Amino acid sequence: MTRALPDSLLSERRAIRTLTLPGLIRLITEIDDNGPISHRRGSLQGAFGDLTPGQLRHAIDTARALHLVHSDETTPDRYRLTESGEALAEVYDTAARWARARQFPAVTVDFVTRVQHTLQLHSRDPHPSGPSPEPSAPRNALTDWLQSNPRALDHADARSSQEPAEGGRAA
């Protein structure tokens, strides 16, 4: 029974690592903030000019694998969020609001960095030396999202068995 906790914790950490990929955060929040990405608004690279084509492709592939976006090449709305993607966008917003209120990880950082650092707090050792971390809205939102979306845990476990060089494409 003591082995189940480390395995589940490891799966959760892998899922959090996937969910905090900068390209994925950008893709989900762009669609959440500005609506579906359509063919009429120009290329994806135009909307994400600071991401390399490889980072953008990896973000889209990951979002599709996790069923966060629905994509259809034949409709005007090329990429739109699924219900799960909308829920993850809310997790990202919750994490950013919490971090901004606490100036975490620093006073002046961008949205993606705030989200990454806040959600990665959740993946740390649950019993660090010293006081345990405060229960937080981002921690609760992320836990709820992961429980509602076990595909993220399964996807993270499947990716962990692939060669490590693949992980470097997105960041």
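**Ground rules.** This is a predicted model, where local features need pLDDT of at least 70, side-chain atom pairs count only at pLDDT 80 or more, and totals for chains, interfaces and linings use all residues. Residues are numbered from 1 along each chain as its sequence is written, and side-chain values use heavy atoms, with hydrogens and water left out.

**Layout.** I found eight helices and three strands in the chain. Both are DSSP runs numbered from the N terminus: helices are H or I with at least four residues, strands are E with at least two. Along the sequence the order reads α-α-β-α-α-β-β-α-α-α-α. Of the 171 residues, 39% count as buried. Buried here means under 20% relative accessible area, exposed means over 50%, and partly exposed is in between (1.4 Å probe, protein chains only). I also checked contacts, meaning heavy atoms within 4.5 Å. Among those with a separation of 6 or more, 60% join residues 24 or more positions apart.

**The core.** I looked for nonpolar cores, which are sets of buried Ala, Val, Leu, Ile, Met, Phe, Trp, Tyr and Cys residues joined through side-chain atoms within 4.5 Å. The largest has 35 residues, and L19, L27, I28 and Y92 touch the most other members. Two or more residues come from each of α1 (4–19), α2 (22–34), α4 (53–65), β3 (77–81), α5 (83–101), α6 (111–121) and α7 (137–148). The top contributor is α5, with six residues. I then listed the partners of Y92: leaving out residues up to four places away in sequence, Y92 touches L19, L24, I25, I28, T29, F111, V115 and L119.

**A59.** A59 sits in helix α4 and counts as buried because its relative accessibility is 3%. Beyond its neighbours within four places in sequence, A59 is in contact with G23, L24 and L27. For A59 and G23 the C-alpha atoms are 5.2 Å apart, across 36 residues of sequence.

**Helix α5.** At 1.5 Å a residue the 19 residues of α5 should span 27 Å, and the end C-alpha atoms are 27 Å apart, so the two agree. The expected span is 1.5 Å times one less than the number of residues. The buried residues of α5 include S84, G85, Y92, D93 and W98. Just after α5, Q103 takes a positive phi of about 50°.

**Aromatics.** I count rings of Phe, Tyr and Trp (its six-membered ring) as paired if their centres lie within 6.5 Å; planes under 30 degrees apart are stacked, over 60 edge-to-face, and the rest tilted. That gives one aromatic pair. W98 and F104 make up this edge-to-face pair, at 6.0 Å centre to centre and 75° between the planes. W98 is buried at 12% relative accessibility, whereas F104 is partly exposed at 22%.

**Helix α7.** This helix has twelve residues and reaches 16 Å from first C-alpha to last, close to the 16 Å expected. Its buried residues are P138, R139, L142, W145 and L146. Seen down the axis of α7, they fall within an arc of 135° and so line one face of the helix; the arc is that of the directions from the axis to the C-beta atoms. The face turned away from the buried side carries the exposed residues Q147 and S148. At the start of α7, a side-chain oxygen of S136 comes to within 3.2 Å of the backbone nitrogen of R139.

Definitions and conventions: A polar contact is a pair of N or O atoms within 3.5 Å; within protein, one must be able to donate a hydrogen and the other to accept it, and residues adjacent in sequence count only if both atoms are side-chain atoms.
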